[in-house]
Number of protein chains: 2
Amino acid sequence: MPDTVQTPYDPHAYPPFAVTVDVAVFTIRSETLRVLLIERGEEPYKGVWALPGGFVRPDEDLDSAAARELEEETGVTKRGAYLEQLQSYGTPERDPRMRVVTVAYWAVCANLALPKAGGDAIGADLVPVTEVEGGYVRLAFDHNEIVRDALERMRSKLEYTAVGAKFCPPEFTISELRRVYEAAWNMKLDPGNFHRNVRASGSFERLDPERLVERSKGGRPASLWALSEGLRSPRLPIAKRRRFDDDMDEP
Amino acid sequence: MPDTVQTPYDPHAYPPFAVTVDVAVFTIRSETLRVLLIERGEEPYKGVWALPGGFVRPDEDLDSAAARELEEETGVTKRGAYLEQLQSYGTPERDPRMRVVTVAYWAVCANLALPKAGGDAIGADLVPVTEVEGGYVRLAFDHNEIVRDALERMRSKLEYTAVGAKFCPPEFTISELRRVYEAAWNMKLDPGNFHRNVRASGSFERLDPERLVERSKGGRPASLWALSEGLRSPRLPIAKRRRFDDDMDEP
DNA sequence: TCTATTATTGTCAAATATACAAAATTTTAT
DNA sequence: ATAAAATTTTGTATATTTGACAATAATAGA
């Protein structure tokens, strides 16, 4: 810009920032979409629930820092999960200590073990996202906003990618996958139509002529399926987020 | 994590980072989608083309910093453009001077004036994105990657939001809007179907019984349209990115 | 006036989605 | 053992949406 005589800012004084990563880890437990929260053991916000996260190390990539935080809190390595950058948050007052910009990530894990407190956390839990979205759980910093944005991104990605499979173990039935969508979107989906969409998406493949029983409760045994290769974008959406009768919320 | 006796990292030593914003400003000029680039006047990468950007000031919001950079380089205020955060880039070696994390934004402007050099730029230009995507223009830092990601996000948002209208002046014809899509996706769209989709999207409204002529070349005069209110998500996609005969590239 | 050009509306067939029925194959209850 | 219920899977009829393209409208320019 046309810098006049008096420049209000010296571009050579790089203002010092701290940079952190925070990760919204989603999983499904007892038919409920949950987010991993830790209870902070240090000021600021000591004793308050927050997303797992921490400072990016001097020689560490942002993605690596997020993967490290993910593994520290869950024991799950990057290969066993889906991890994607969301966006950054950096209002000047978001951390009372100093100027901190956080790079937020979201992750999806299958069958997350009940987390143990560790590091600077005095507690940890898998909290139903309805409690966060409903405002019943107040999080530290701007983490309520981050969770809201992460949920929106995750729910939207379910429509046109195969990321939903990351909520399941490597081998899963189509009904198990459908229950992922039903928990994440809080709505019922038609089993027949969902089945057809999964097959047509081209993102999944049936495991040989196997059958699965164990999943109790009677009914015809289901075939096992797996992600066909990596996590490519499927040609067709797995499911559209539209209403299907039932007592659940509308989208 | 189960911190053992020897912790490999002291969490109280906040590693100092510099934080910048970089903005990929898109516009359309002579039927061509272009991105605003500046020629750096300072080391590193002096004389190399780069995205406009700069350091976030100590008391400045990230969005404000991006809006400031946008206005400094284009003279366009946030109200006249669309500005959205993309994501952050922070590999340790991306800036040879020091550890810099950049928060990338993308913006859409209508009728951008040919930019003047200013500040730490010795040149500026609106470069066709094909030259950047084709690898004919090598940008400073990781800005080639940022432009690629910004393009992908922008093109994808054209499908299900009304952001394309921001390439046009406040009042525009449906054909002008169609040419935005055609330039951005590098493909022809069927005029009739596009017209129907715009009307059905619910994101635009026709300006009273006005007509427009001036847009030379003969033909029936077109109605003027405008974004109906802010930039909400339309109920229906404006256009699907599928082929329509012609000599342009396939999607 | 006649032709070319662009805008707008309309039409029809193909593709897709939705609702729902039916068949297959198991567990659980009687 | 038999019946009933549950669950997966395939199929089908209808409605909706899309894509291709025709038809009409309204102008500029020759």
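**Exercises on a predicted two-chain model**

Pro44(B) lies in the loop of chain B that runs between strand E2 (32-40) and strand E3 (49-50). The model is predicted.

**Exercise 1.** Determine which form the peptide bond from Glu43(B) to Pro44(B) takes, cis or trans.

*Solution.* Begin with the omega angle, which is near -5° for the bond from Glu43(B) to Pro44(B). This peptide bond is cis. Next, turn to chain A: the bond from Glu43(A) to Pro44(A) is also cis, with omega near -5°. Pro44(A) sits in the loop between strand E2 (32-40) and strand E3 (49-50) of chain A.

**Exercise 2.** Find how chain A is superposed on chain B.

*Solution.* Take the rotation, 180°, and then the shift along its axis, 0.1 Å; together they superpose chain A on chain B with an RMSD of 0.1 Å. The two copies are therefore related as by a two-fold rotation axis. Finally, look at the contact residues: 97% of those of chain A recur in chain B, the same surface serving both copies.

**Exercise 3.** Describe how helix H3 (residues 143-160) and helix H4 (residues 174-185) of chain A cross.

*Solution.* First, their axes come within 10 Å and cross at roughly 145°. Second, the crossing of H3(A) and H4(A) is left-handed. Third, H3(A) contributes Met154(A), Arg155(A), Leu158(A) and Glu159(A) to the contact, while H4(A) contributes Tyr181(A), Ala184(A) and Trp185(A). Sorted by kind, these residues are five nonpolar, no polar and two charged.

**Exercise 4.** Decide whether Glu31(A) is buried or exposed.

*Solution.* Exposed means over 50% relative accessible area. Glu31(A) has 61% relative accessibility, so Glu31(A) counts as exposed. Its place is in the loop between strand E1 (18-29) and E2 of chain A.

Notes
Residues are numbered from 1 along each chain as its sequence is written. Chains are lettered from A and ligands numbered from 1 in the order in which they are written. This is a predicted model: local features need pLDDT of at least 70, side-chain atom pairs count only at pLDDT 80 or more; totals for chains, interfaces and linings use all residues. Side-chain values use heavy atoms; hydrogens and water are left out. Copies are superposed by least squares on the C-alpha atoms of residues with pLDDT of at least 70 in both. Contact means heavy atoms within 4.5 Å. Axes are lines fitted to C-alpha atoms, for helices over the stretch in contact, and angles run from 0 to 180 degrees between N-to-C directions. Helices (H or I, at least four residues) and strands (E, at least two) are DSSP runs, numbered from the N terminus. A crossing is left-handed if the near helix is turned anticlockwise from the far one by less than a right angle, and right-handed if clockwise. Ala, Val, Leu, Ile, Met, Phe, Trp, Tyr, Cys and Pro count as nonpolar, Asp, Glu, Lys and Arg as charged, and the others, Gly among them, as polar. Buried means under 20% relative accessible area, exposed over 50%, partly exposed in between (1.4 Å probe, protein chains only).
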